[in-house]
Amino acid sequence: MAIQLQQVSYTYADRSLWKQTALHDIDLSIPQGSIVGIAGATGSGKSTLLQLFNGILKPSAGTVSVLDVTLRAGEKSPRLLPLRRRVGLVFQFPEQQMFEETVEKDLCFGPLNFGMSPEDAKERARKAMLDMGLDLDLLERNPFKLSGGQMRKAAIASVLAMDPDIIVLDEPTATLDPISRTELISLLERLCREQGRTVVIVTHRMDELLPVADNWVVLKEGRTAFQGNASDLAKDPAILERCGLTVPQSLRYWRAVADRLGLEDEVPRLTAESLAELIASLRTEGKGLDGAGGKRDDHE
Amino acid sequence: MKEAHEEQANGAKAGQVVIELEGVSFGYGPEHPILQDISFTIPQGQWVSVVGPNGCGKSSLVKLFNALLPAGAGEITVCGMKLEEASIGPIRQSIGMIFQNPDNQFVGATVEEDILFGLEGLCLSHEEMENRLQIYSERLGIAHLLAKHPGELSGGQKQRVAIASILAMEPGIVIFDEASSMLDEGSRDELLSILKGMHAEGRYTLLMITHDADEILASERVLALHGGSLAADVTPAELFRNEELLERCHLRAPYAWRLAGELEERGIQVDVPGSEKELIETLWPYNYSK
């Protein structure tokens, strides 16, 4: 397991009058080399959960294990520097993450800080820029003179430049245009499938992540309301509504087609292309034609 | 004096041109040109989406309208005022802007103070300020939040407060710069219905920088920027049927449009469904099997 949480709770301002428990009794396992989506309404504890993954926050109760480091509530924490290099966190607002005077310095800051030579750090920076589809000319620019979308890509590049084993992203696609979003998701998929990295993404655009995520965690008021894969979710999308979320279009259309044709055991088709493909193939087989339900066809 | 301003800000009649750009260029210094030779006009009451890839100059373009950025060349006219000639006050009064991150827009310690801040700047009477505070906080459903600190609000609530503060100043033109991109889906739907309500009122000209397919679909006209120039001036339906243009603008059609397109490629002709129920009823009408 890349990340394992056992009965973890987190309380803000624990010893004060204003204490507020953001996470209750969370059990969670994220296998190495998988892509996990985390969803939940505003204030459900998503961002708090992410900050437990590299020791920014320490559990108020329970145990957090990330790679080979274990953090137990109430115990002195081990050295966290190696963990911070191996777990890269991209926050919700990229402008709060960049601070140097050029993009290149910003990207080199992490690698240099973790003891890499300046040449290697610059090489890493260039590679991360290209991975994010950013022009190398932007390296010389002031990060605050970039557009919102470019700045976000640069912030993600600065985390990739550290070559982390686990990449954790909080709403990474929010300000990107739809093509850049698709590109980012497929880059993250490659980093996972080809290089065995673990990718954790908090998102309120479930649509774009549904086709690639291995597992989903849905939070409600600081507790896990759902854990499972897209097929589990497709069986009962209403769980999302109970958690204050909107059911994504792809899931709604799949559910409607599956209900009409009785496709309970099929793998859910969660892209427009794959759903159209399925409908077309059912038609050529003569199934589901002119109102004949799939279930009835199966008996024929 | 006040009345003269109001005349300029809100007096435009339906169909009258309220924004006119003529050969406008802009750049961050000569080595970083952003926009080149842009010309278009926008009539009063129109709802316009401004689209294009990240970094193509969308935000720079709308910041030229209210002189947040100075145009490098060309002429901009807003509500009959030429930007180089008019003073900034009345121009800013006729254009309200709402940004991506409402946190960057708050000034007051409470929601009420935040809405009143803009009104104080307009030198309105106490009575009028109270009046507007009440009207606009009710219209946006935030009347119960007036005593709260902005930090206590959810993202969607913050965005509504930001909109209320802008609308209270009664601008004729309202610009939304990716105002929904940080919101969750529920708050996005909420924002969209606010926009539809504003458009139906007819007194606002709406400009919306957006990547969101549903928002684009709800608007009347799409200005597509690419590589610093105006690449297309089309209706949303024309945009979503034009694969090549979508790709150039880094956009995707709404799910239902893509599904209809994919089905068509496979020889199944359906109209773009309005909902999943509609699709099912079109593909597999029940009455046949019964």
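**Two interfaces, put to the definitions**

Author: Chain B and chain A bury about 3,900 Å² between them, with 60% of that on carbon and sulfur atoms. The model is predicted: local features need pLDDT of at least 70, side-chain atom pairs count only at pLDDT 80 or more, and totals for chains, interfaces and linings use all residues. Residues are numbered from 1 along each chain as its sequence is written, chains are lettered from A and ligands numbered from 1 in the order in which they are written, and side-chain values use heavy atoms, without hydrogens and water.

Reader: What makes the area between chain B and chain A "buried"?

Author: Buried area is the accessible area (1.4 Å probe) that two parts lose on being put together, summed over both. So the figure of about 3,900 Å² covers chain B and chain A together.

Reader: How many residues of chain B are in contact with chain A?

Author: Contact means heavy atoms within 4.5 Å. By that rule, 43 residues of chain B touch 44 residues of chain A.

Reader: Why is the pair B:Glu276 and A:Arg252 called a salt bridge?

Author: The term asks for a side-chain nitrogen of Lys or Arg within 4 Å of a carboxyl oxygen of Asp or Glu. The closest N and O atoms of B:Glu276 and A:Arg252 are 3.1 Å apart, so the pair qualifies. The count between chain B and chain A is two salt bridges.

Reader: Which element gives the largest share of the side of chain B that touches chain A?

Author: α11(B) does, with six residues. Helices here are DSSP runs (H or I, at least four residues), as strands are (E, at least two), numbered from the N terminus.

Reader: Where do the bounds of domain 1 and domain 2 of chain A come from?

Author: They come from an automatic or database domain assignment. Domain 1 spans 3-247 and domain 2 spans 248-285. Their contact takes 13 residues from domain 1 of chain A and ten residues from domain 2 of chain A.

Reader: How much do these two domains bury between them?

Author: Domain 1 and domain 2 of chain A bury about 1,000 Å², 70% of it on carbon and sulfur atoms. A:Asp207, A:Ala234 and A:Val247 supply 46% of the area that domain 1 buries against domain 2, more than any other three residues.

Reader: How many salt bridges cross the interface of domain 1 and domain 2 of chain A?

Author: The rule finds zero.
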